[in-house]
Amino acid sequence: MIVVEHLEKRYGSLLAVDDVSFAALPGQVVGFLGPNGAGKSTTLRILTGLTPATSGTATIGGYLYRDIPNPAMQVGTLLDASAFHNGRTARETLRLSARTMGLPDRRVDQLLELVGLSSQEAGRRVKDYSLGMRQRLGVANALLGDPAVLILDEPVNGLDPAGIHWMRGLLRDFADSGGTVLLSSHLLHEIELIADHIVVIGQGRVMAQGRTRELAGTPDTQVSSVDDAALAAALSAAGVTSGPSRDGGLQVQAEPARVGAVAAEAGIALTELRQGGTGNLERMYLELTAGAQRGAGGMLPGQPAAQTYPPSTYPPQPYPPQPYPPQPYPPQTYPPQTYPPAAPGSTGGRA
Ligand SMILES: Nc1ncnc2c1ncn2[C@@H]1O[C@H](COP(=O)(O)OP(=O)(O)OP(=O)(O)O)[C@@H](O)[C@H]1O
């Protein structure tokens, strides 16, 4: 369980992280979403003990990262896929990590297979790796110690659609077996695909958090017809909001099935009907991203936020559901693990 409470980080006059609170529970894949410079990496660096907080707390299993014995066996991290030594092969990189953790070399082969790096690829120097391959190596490195918690900074950067699908399955399996995943991204659609909970951060502040499905709201529909004015009137009469779409036709705040039903009822022939954006979350994120452009205000030290989100529209939801106590340090949570804890091809049992 990851708990971040009233976290604040100042760099001189810049408030990079501003009263951030959220939690990630076992069984959840939590996406930490925000535009460039929003404060995601800073928060993850504080969580993993790389940067001190100005105030507030960030704990894993109730403990500061630095207080967890042999932390790589409990918390798998991928903070910078470009940070691997370029001169080493992937296999050498993982063997070095495994030996540091006291794990045998065969664990490396299990992980290479799990992340889809072939034996031949594993023998190539990291300098010749694509970003997507580095991400796979980073995930393998994070999973080596069969941790209960994964913290991944921008792990889908550089992955192709098949890679994103693979990452989704891997993290879902990890969470389904009791693990906790926190991953960051500035890419809304990727995080929507992968995460079941999302924390949206902008200009250092949490703008919204909750279940992905609930935050996303009803998807928009893009529709065109032989008579858009008549269709708009029929939709309005049915209590459905619509407006002109940038692409021509209408953008409707309802699902395609509902729009189709209204059109059929009104006897209006459709020439196009497809799901558009992902509703509330996309609208909010587009505004947030626009507000985060340099020069748009809010991103420079001392400037006010360019966009403020009324709490009534995007309330940070009470989270986590159960009150968070600093957990008693359970010996069974961080035992010296006997090896191998994981069967080949699995992400292993969770503490
Ligand atoms: N060591 C540092 N010294 C000064 N300012 C910093 C430092 N690290 C980060 N910042 C600033 O803090 C803010 C948040 O940066 P952070 O890297 O956490 O954002 P991010 O959401 O991870 O962005 P990105 O998606 O671009 O990685 C930015 O304005 C950044 O310039």
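Reply: Start with the six-stranded sheet. Its strands run in the order β5-β6-β7-β3-β8-β9, the sheet is open, and the pairing is mixed. Strands pair here if DSSP finds at least two bridges between them. Helices (H or I, at least four residues) and strands (E, at least two) are DSSP runs, numbered from the N terminus. The edges are β5 (75-78) and β9 (205-211), and each pairs on one side only. From one strand to the next the twist averages 15°. Axes behind such angles are lines fitted to C-alpha atoms, for helices over the stretch in contact; angles run from 0 to 180 degrees between N-to-C directions.

The ground rules come next. This is a predicted model: local features need pLDDT of at least 70, side-chain atom pairs count only at pLDDT 80 or more, and totals for chains, interfaces and linings use all residues. Residues are numbered from 1 along each chain as its sequence is written.

Now the pairings within this sheet. β3 (residues 29-33) and β8 (residues 197-202) are parallel partners, joined over four bridges. Val 30 stands opposite His 197 in β8. On the sheet packs helix α5 (residues 131-143), touching β5 and β6 (149-153). The direction of α5 makes about 160° with that of β5. Contact between two residues requires that their C-beta atoms, placed from the backbone, lie within 7 Å.

β8 also pairs with β9, in the antiparallel sense and over six bridges.

β1 (residues 2-11) and β4 pair over five bridges, in the antiparallel sense. Val 4 stands opposite Ala 58 in β4.

The largest share of the shell around the ligand comes from α1, with three residues. β2 (14-24) and α1 each supply at least two. The surrounding residues are Tyr 11, Leu 14, Ala 16, Gly 34, Asn 36, Gly 37, Ala 38, Gly 39, Lys 40, Ser 41, Thr 42 and His 186. A residue is near a molecule or strand if its C-beta atom, placed from the backbone, lies within 6 Å of it. By type, the shell holds four nonpolar residues, seven polar and one charged. Ala, Val, Leu, Ile, Met, Phe, Trp, Tyr, Cys and Pro count as nonpolar, Asp, Glu, Lys and Arg as charged, and the others, Gly among them, as polar.

The axes of α9 (residues 228-237) and α10 (residues 256-266) come within 9 Å and cross at roughly 110°. Ala 230, Leu 231, Ala 234 and Leu 235 in α9 meet Val 262, Ala 263 and Ala 266 in α10. This contact of α9 with α10 has seven nonpolar residues, no polar and no charged.
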